[in-house]
Amino acid sequence: MNPNGERELKASEPIESPVATVPRWHALRRLWRAQTIYVVALAAFAVLAIFAYFNPYFAWDLKVSRAFNWKTFTPPGLFQLMLFVSIFGNSWTPYALTALTAIIFLLFHRRSEALGLILSAGGSGLINTGFKLLIARPRPAPDLIQSYLNPVTNSFPSGHVTFYVSYFGFLFFVAYALLPRGSFVRRLALTLAALPVLLVGLSRIYLGAHWPSDTIGAYLWSGVWLAFALWRYRRWKLRRTFHQKAESRKQ
């Protein structure tokens, strides 16, 4: 004790800085907030999936789909735009895009990015197929909604939305993290990656390929999957950076 009654620290005793603890509390708060969002999103998806299992469509599905359909709502250029937006999720295109983009990453020695993309887009495709088989919700019937494409697979959740969130969402994060801050190329890349994600749900409803609840369910679960894939990507990235620094020190 010093004359003022305060305890004196020993030389070997670590000093706790209140400033140093602030970032940790901020990080913990962000982590808690993110985990809460993920849990709520998964719970909402689970509830929606259960109702979709027992209901081929909801009353609000039918109302929205009839109001926003390519046969009844025909502003100039909208049909062409919605058709173009859906192209990247048709048939074999998602597989080709994912493989080609992963190869480009590998050519530029971006192995962590290639692995992260395969996990995000490829993994979500497999899981989404399982959801479709399990829930087995039929597509909008022709006597209810005019569909332009007439797909034959199950409806819930939307495969197009799942792929776009997992593929373009991952590219959005990579562009945000790697491209020079404030550059035109970065802004362009972020815009081109975000627009398909925002528009694909509308395009699937407009073309009569899905009910609105199909697209909402896909956004909910694939957003959580994307967050998991990005977490794994960051872990791989940190591990790779750590090994590179260790090797450079040895040399």
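The largest nonpolar core here has 21 residues, and Phe163, Tyr164, Tyr167 and Phe170 touch the most other members. A nonpolar core is a set of buried Ala, Val, Leu, Ile, Met, Phe, Trp, Tyr and Cys residues joined through side-chain atoms within 4.5 Å; buried means under 20% relative accessible area, exposed over 50%, and partly exposed in between (1.4 Å probe, protein chains only). This is a predicted model, where local features need pLDDT of at least 70, side-chain atom pairs count only at pLDDT 80 or more, and totals for chains, interfaces and linings use all residues. Residues are numbered from 1 along each chain as its sequence is written, and side-chain values use heavy atoms, with hydrogens and water left out.

- Ala52, Phe156, Trp221 and Trp225 are among the nine residues of a second, separate core.
- Beyond its neighbours within four places in sequence, Phe170 is in contact (heavy atoms within 4.5 Å) with Glu113, Gly116, Leu117, Ser120, Val165, Leu226, Leu230 and Tyr233.

- Most residues other than glycine have a negative phi, and most peptide bonds are trans.
- Phe156 and Pro157 are joined by a cis peptide bond, with omega about -10 degrees; Pro157 sits in the loop between α5 and α6.
- Ala136, in that loop too, has a positive phi of about 55 degrees and is partly exposed at 41%.
- Ser91 has a positive phi of about 50 degrees, lies in the loop between α3 (78–86) and α4, and counts as exposed because its relative accessibility is 62%.

Notes:
Helix = DSSP H or I, 4+ residues; strand = E, 2+ residues; numbered from the N terminus.
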